[in-house]
Amino acid sequence: PLFLFCFFLTACYQPEPIPPEKSGPVTVQKLSGTRLSDIREPLSWKFAETTVVIENDGKPIPPDLVATLLGGESKPMKIEAKWSLDEEKKVLHLTELKSDQKLLEKKITLPIHTAGNVRINLGDRQYNLFRDSPQKP
């Protein structure tokens, strides 16, 4: 029974990994239209052209990331922001942060760099990098 559950769960949506030849440095082109999935939990960053949505599969965002991005001890389910990347300095800038739709007056800068062919280090966490595809019904 567990095997069948896992099979059906993983067979429904298979994200497309970024090919190894595209690993190189983190660029705007590389991030736009991708999803970063934390290597330890279902936490993800979904990058559109100028915005990013951070969610944890229906659970509150982990406290360490909340502290890094928002300060304090809130337990948001979703964080949204506008993003820009300084490719030369290897930092990700987040502005116009929203915590569960509440606009915050914060600007955050996080270090970002590749960690192998399909991984990215962002702040204190490591993520797998996937090309984000629309969900199929």
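How many of the 137 residues of the protein count as buried? The share is 34%, where buried means under 20% relative accessible area, exposed means over 50%, and partly exposed lies in between (1.4 Å probe, protein chains only).

## Basis of the model

This is a predicted model, in which local features need pLDDT of at least 70, side-chain atom pairs count only at pLDDT 80 or more, and totals for chains, interfaces and linings use all residues. Residues are numbered from 1 along each chain as its sequence is written, and side-chain values use heavy atoms, with hydrogens and water left out.

## Overall fold

The protein has three helices and ten strands. Helices (H or I, at least four residues) and strands (E, at least two) are DSSP runs, numbered from the N terminus. Read from that end, the order is α-β-α-β-β-β-α-β-β-β-β-β-β.

Contact means heavy atoms within 4.5 Å. Take the contacts between residues at least 6 apart in sequence: 45% of them join residues at least 24 apart. The protein exposes about 8600 Å². Carbon and sulfur atoms supply 56% of that area. Accessible areas come from the Shrake-Rupley method with a 1.4 Å probe; for residues, only the protein chains shown count as cover.

Strand β2 covers residues 34-38. Five of its five residues are buried, so β2 is largely enclosed by the rest of the structure. Thr-34, Leu-36 and Asp-38 point one way from the strand. Arg-35 and Ser-37 point the other way. Both sets are buried.

Two strands pair if DSSP finds at least two bridges between them. β2 pairs with β3 (residues 44-47) in the antiparallel sense, over four bridges. Leu-36 has Trp-45 as its bridge partner in β3.

## The cavity

Rolling a probe the size of a water molecule over the atoms shows where empty space is left. On a 1 Å grid over the protein atoms alone, a cavity is a set of points where a 1.4 Å probe fits but cannot get out; lining residues have an atom within 4 Å of a point. Grid points are joined across faces, edges and corners, and a volume is the space filled by probe spheres set on the points. A search of the whole structure gives one cavity of 30 Å³ or more. The largest cavity holds about 80 Å³ of space.

Its lining is made up of Trp-45, Asp-64, Leu-65, Thr-68, Leu-110, Leu-122, Gly-123, Asp-124, Arg-125 and Tyr-127. Five of the lining residues are nonpolar, two polar and three charged. Here Ala, Val, Leu, Ile, Met, Phe, Trp, Tyr, Cys and Pro count as nonpolar, Asp, Glu, Lys and Arg as charged, and the others, Gly among them, as polar. α3 (63-69) and β10 (125-131) each supply at least two lining residues. α3 gives the most, with three.

Glu-96 lies in strand β6 (residues 91-99). Phi of Glu-96 is near 50°, a positive value in a residue other than glycine. Glu-96 counts as partly exposed because its relative accessibility is 46%.

Asp-100 sits in the loop between β6 and β7 (102-103). Asp-100 is not a glycine either, yet its phi is positive, at about 45°. Its relative accessible area is 39%, so Asp-100 is partly exposed. Leaving out residues up to four places away in sequence, Asp-100 touches Lys-75, Pro-76, Met-77 and Lys-78. Asp-100 and Ile-79 are 21 residues apart in sequence, with 6.2 Å between their C-alpha atoms.

## His-113 in β8

Where is His-113 found? It is in strand β8 (residues 108-114). His-113 is partly exposed because its relative accessible area is 38%. Residues up to four places away in sequence aside, His-113 touches Val-26, Ile-120 and Asn-121. Leu-92 is 21 residues from His-113 along the chain, and their C-alpha atoms are separated by 9.6 Å.

Note on methods. On a 1 Å grid over the protein atoms alone, a cavity is a set of points where a 1.4 Å probe fits but cannot get out, and a pocket is an open set with protein on both sides within 12 Å along at least five of seven lines; lining residues have an atom within 4 Å of a point.
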